[in-house]
Amino acid sequence: MSDIIHYPILTALFTLVSFVAMIWLIINARGVARLFAKRTNDLEPGPAPRGVTASARAVWIAIILFVLGGFGAFLMLFLSGERQEIDAIDSRATLGAPYIPPAG
């Protein structure tokens, strides 16, 4: 299997990981607010039933997965675009030959 096939698959995988982590963070917004809440900050967690909020460790893991998934997706998009440009332009085909515009 060609290397160019791996880039879209990895891009989709990284995007999916980032998307799932983002949805989890939105659903558990109280845990995120509790993690970043300070007395001088306007961000405060709202009331929640006891034991429903996510732990700080789970929130940090989701944030890390979200960031790494986004960076991975952008890296794969960058690498695949670079590879496609290299494959599309073969300088050996025009080496020594002058450019002749098409007629018409």
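**View 1. Accessible surface of the whole chain.** In this predicted model, the chain has an accessible surface of about 8,400 Å², and carbon and sulfur atoms hold 67% of that area. Accessible areas come from the Shrake-Rupley method with a 1.4 Å probe, and for residues only the protein chains shown count as cover. Of the 104 residues in the chain, 17% are buried (under 20% relative accessible area; exposed is over 50%, and partly exposed lies in between). Residues are numbered from 1 along each chain as its sequence is written. Local features need pLDDT of at least 70 and side-chain atom pairs pLDDT 80 or more, while totals for chains, interfaces and linings use all residues; side-chain values use heavy atoms, without hydrogens and water.

View 2. The chain contains three helices and zero strands, in the pattern α-α-α. Helices (H or I, at least four residues) and strands (E, at least two) are DSSP runs, numbered from the N terminus.

**View 3. Nonpolar patch on the surface.** F36, W60, I64, F66, V67, L68 and F71 form this patch, with about 670 Å² of accessible area together. Helix α3 (residues 56-88) supplies six residues, the largest share. V67 lies in helix α3 and counts as partly exposed because its relative accessibility is 36%.

**View 4. Surroundings of A54.** Leaving out residues up to four places away in sequence, A54 touches W24, N28, G31 and V59. A contact means heavy atoms within 4.5 Å. Residues 24 or more positions apart account for 72% of the chain's contacts with a separation of 6 or more.

Notes: Patch = residues over 30% accessible without salt bridge, like charges linked within 9 Å, V, L, I, M, F, W, Y side chains within 5 Å. Salt bridge = Lys/Arg side-chain N within 4 Å of Asp/Glu carboxyl O. Buried < 20%, exposed > 50% of the residue type's maximum accessible area, 1.4 Å probe, protein only.
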